[in-house]
Amino acid sequence: MILIRDIISGMLFKFVINISGFPNKIITFLKEAMLELKKVNWPTRQETLRYTLIVIGISVAVAIFLGGLDVIFSRLLEKLL
């Protein structure tokens, strides 16, 4: 006959075994992440600045376009109502 005590003690044993390797897994993950970051081809400062200005420029252009559409449709709705 299986007792609840036996089930709980078995579950607790598995939990302790699984958690004991947890700090090692974190350390291994962090070491591997650092190695992968060293392999990354990072952009230069000039490239980063150029890409940032492109994103800002496109964002402003889209904002102006959408704002213009908003004004046009608002005026059309005012005339219809």
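**Exercise 1.** Is Lys-39 buried or exposed in this predicted model?

*Solution.* The relative accessible area of Lys-39 is 63%. Exposed residues are those over 50%, so Lys-39 counts as exposed.

**Exercise 2.** Find which residue the side chain of Lys-39 meets in a salt bridge, and describe the setting of the pair.

*Solution.* Begin with the contact itself: the partner is Glu-36, and the distance from N to O is 3.3 Å, which lies within the cut-off of 4 Å. Side chains of opposite charge can pair when their charged atoms come close. Glu-36, with a relative accessible area of 47%, is partly exposed. Finally, the count for the model comes to one salt bridge.

**Exercise 3.** Determine which residues form the nonpolar patch on the surface, and examine Leu-76 as one of them.

*Solution.* The patch is formed by Tyr-51, Ile-54, Ile-58, Val-62, Phe-65, Leu-66, Leu-69, Ile-72, Phe-73 and Leu-76, which together have about 980 Å² of accessible area. Leu-76 is located in helix 3 and is partly exposed, at 45% relative accessibility. Tyr-51, another member of the patch, has Arg-50 over its face, at 5.6 Å from the ring centre.

**Exercise 4.** Which elements of the protein chain have the lowest and the highest mean pLDDT?

*Solution.* The protein chain averages a pLDDT of 84, and 73% of the residues score at least 70. Among the elements, helix 1 (residues 4-20) has the lowest mean, 61, whereas helix 3 (residues 45-80) has the highest, 97. Where pLDDT is low, the predicted coordinates should not be read in detail.

Terms used:
Residues are numbered from 1 along each chain as its sequence is written. This is a predicted model: local features need pLDDT of at least 70, side-chain atom pairs count only at pLDDT 80 or more; totals for chains, interfaces and linings use all residues. Side-chain values use heavy atoms; hydrogens and water are left out. Buried means under 20% relative accessible area, exposed over 50%, partly exposed in between (1.4 Å probe, protein chains only). pLDDT is the predictor's confidence in each residue, from 0 to 100. Helices (H or I, at least four residues) and strands (E, at least two) are DSSP runs, numbered from the N terminus. A charge sits over a ring if NZ of Lys or CZ of Arg is within 6 Å of the ring centre and within 35 degrees of the ring normal. Patches are made of residues with over 30% relative accessible area and no salt bridge: like charges are joined within 9 Å, nonpolar side chains (Val, Leu, Ile, Met, Phe, Trp, Tyr) within 5 Å. Accessible areas come from the Shrake-Rupley method with a 1.4 Å probe; for residues, only the protein chains shown count as cover.
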